[in-house]
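Please find below a short note for a colleague who is new to this structure.

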Amino acid sequence: MSLRISDTLKKDHREIESYYDRILGATDKAEQIRFQNQFTWELARHSIGEELVVYPAFEKHVSSGYELAEKDRQEHQTVKVELKKFQNMDPSDPQFIPTIKALMQDLAQHIKEEEGNDLPKLEAALSQEQSEGLSTTFGRTKMFVPSRSHPSAPDKPPFETVVGLLTAPMDHLADLFRKWPHTSGMPNPSTK
């Protein structure tokens, strides 16, 4: 049995939060860099996956779903701008920790609203099969989207999809040369 879309998104949220905690708790710069890359990789892919899969589902299935999706897109835009700044920072920068803390404060509020309000509305409008199908589509979509923040890119299909398909290969190539928490190298998008 597959996970429902809300369970999949909550799982991603907990992973993002754990990477944030690892950045704050890191004992050296190298560990911070590894988890900075992991945090960026997961948050960028998660955000775009929501915009391509979940927000259109809000619009289609939830009454006032368009307004809900637009509010969430605006919140994502704020986070994307903050993530763009953070993903390029060196841990020795005095603004490194304040920047991720500010980003996480905005993201935590978004997650709270999404989990407490938005996702329950969506789940109430979907069958088990529809929810599981969205979850599968969301996971597959994350495999093909950019792994870095690009706040100037469009945030709605089809334009986001086109820009993402053009940008993702460049991000994925650069990911090969980044440091990751895993000894085996960069994360495998098909397992996340």
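1. Phe86 counts as buried (under 20% relative accessible area, with a 1.4 Å probe and protein chains only), because its relative accessibility is 0%. Phe39 is likewise buried, at 0%.

2. The model is predicted, so local features need pLDDT of at least 70 and side-chain atom pairs pLDDT 80 or more, while totals for chains, interfaces and linings use all residues. Residues are numbered from 1 along each chain as its sequence is written, and side-chain values use heavy atoms, leaving out hydrogens and water.

3. The whole structure holds five aromatic pairs (Phe, Tyr or six-membered Trp rings with centres within 6.5 Å). One of them joins Phe39 and Phe86, with centres 6.0 Å apart and planes at 85 degrees, so the pair is edge-to-face (planes over 60 degrees apart). Phe39 lies in helix 2 (residues 29-61) and Phe86 in helix 3, so parts 47 residues apart in sequence are tied together. Ring pairs link Phe39, Phe86 and Phe96 into a cluster.

4. The axes of helix 3 (residues 65-87) and helix 4 (residues 96-125) come within 9 Å and cross at roughly 160 degrees. Helix 3 is therefore roughly antiparallel to helix 4 (angles over 145 degrees). Helices here are DSSP runs (H or I) of at least four residues, numbered from the N terminus.

5. Asp72 is found in helix 3 and is buried, with a relative accessible area of 0%. Not counting residues up to four places away in sequence, Asp72 touches Tyr55, Phe58, His110, Glu114 and Asp118 (heavy atoms within 4.5 Å).

How values were computed. Axes are lines fitted to C-alpha atoms, for helices over the stretch in contact, and angles run from 0 to 180 degrees between N-to-C directions. Helices (H or I, at least four residues) and strands (E, at least two) are DSSP runs, numbered from the N terminus. Angles under 35 degrees count as roughly parallel, over 145 as roughly antiparallel, 65 to 115 as roughly perpendicular and the rest as oblique. Buried means under 20% relative accessible area, exposed over 50%, partly exposed in between (1.4 Å probe, protein chains only). Rings of Phe, Tyr and Trp (its six-membered ring) pair if their centres lie within 6.5 Å; planes under 30 degrees apart count as stacked, over 60 as edge-to-face and the rest as tilted.
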